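Please keep the sequence and the model in view while reading.

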Amino acid sequence: MRAVLDIILILLQLYWWVLLIMIIMSWLISFNVINTRNQFVATVWQVLNQLTDPVLKPIRRFMPNFSGLDLSPLAALVLLQLVITWLLFLMVAGAAMPPGTLVWYALLRIIVGTIRLYFFAILVHVVLSWVSPGHWNPLISVLNSLVAPVLRPVRRVIPPIGGLDLSPLFVLIGLQALLIMIRLPGHLA
């Protein structure tokens, strides 16, 4: 029974990551940060829509758009994280968690997941800038668009030194510090 729960939990967490990427991409597209004419973006967007439409269609009936943004993926992400957090706690503690605590830990897990996604994206961005600097690639273009809003404020404060951009290093340190400050029990981290 435990193995089945573990597999279900892994599948739910993978779908949660799909929803998170869907949210970030939809917001980047809505604000014209990335362009759907980019073939890579169009393909990823199509795959994300195919994966999420069965879940999001019923939610869209009840969720209004806010300033042109589709909030149904965010609602699905929060609901799914509540289920995942509840399952994790149930598997470890063997009992249900109080509703307030469940909501609190689910929100913390959403924040931690988003920080981890950006940490990984910035790390990949840095490595790709070393491997193929100055070359255009659709993936690199999307990655630049994703990390630019996070790096831009730091770049204003810390300009390149001798042509070396240290802003990703400071952002990575800051993101890691945030992860350390957010306290989650071991089984929920």
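## Terms and basis

A residue is called buried when its relative accessible area is under 20%, exposed when over 50%, and partly exposed in between, using a 1.4 Å probe and protein chains only. The model is predicted, so local features need pLDDT of at least 70 and side-chain atom pairs count only at pLDDT 80 or more, while totals for chains, interfaces and linings use all residues. Residues are numbered from 1 along each chain as its sequence is written, and side-chain values use heavy atoms, with hydrogens and water left out.

## Overall make-up

The chain has 6 helices and 0 strands; helices (H or I, at least four residues) and strands (E, at least two) are DSSP runs numbered from the N terminus. Along the C-alpha trace, the principal axes span about 55 × 35 × 35 Å.

Of the 189 residues in the chain, 36% are buried. Among contacts (heavy atoms within 4.5 Å) with a separation of 6 or more, 68% join residues 24 or more positions apart.

## The tryptophan pair

W16 has a relative accessible area of 3% and is therefore buried. W17 is partly exposed, because its relative accessibility is 30%.

Rings of Phe, Tyr and Trp (its six-membered ring) pair if their centres lie within 6.5 Å; planes under 30 degrees apart count as stacked, over 60 as edge-to-face and the rest as tilted. This rule gives 1 aromatic pair. The ring centres of W16 and W17 are 5.1 Å apart and the planes stand at 85 degrees, so the pair is edge-to-face.

## Helix α3 and Q81

Q81 sits in helix α3, which covers residues 72-93. With 2% relative accessibility, Q81 is buried.

After α3 comes G94, with a positive phi near 75 degrees.

## Pockets

Pockets are found on a 1 Å grid over the protein atoms alone: a pocket is an open set of points where a 1.4 Å probe fits, with protein on both sides within 12 Å along at least five of seven lines, and lining residues have an atom within 4 Å of a point. Volume is the space filled by probe spheres set on the points, which are joined across faces, edges and corners. The largest pocket holds about 370 Å³. Its lining has 16 residues, and I21, L139, V142, L143 and L146 lie nearest the centre. Two or more lining residues come from each of α1 (2-30), α2 (39-60), α4 (99-131) and α5 (138-157). Ala, Val, Leu, Ile, Met, Phe, Trp, Tyr, Cys and Pro count as nonpolar, Asp, Glu, Lys and Arg as charged, and the others, Gly among them, as polar; this lining has 16 nonpolar, no polar and no charged residues.

The second largest pocket holds about 250 Å³. Residues lining the second largest pocket include H125, W130, R155, D165 and L172. α4 gives the most to this lining, with 5 residues. By class, the lining has 8 nonpolar, 2 polar and 2 charged residues.

## L175 in α6

L175 belongs to helix α6, residues 167-181, and is buried at 11% relative accessibility. Leaving out residues up to four places away in sequence, L175 touches I115, Y118, F119 and I122.
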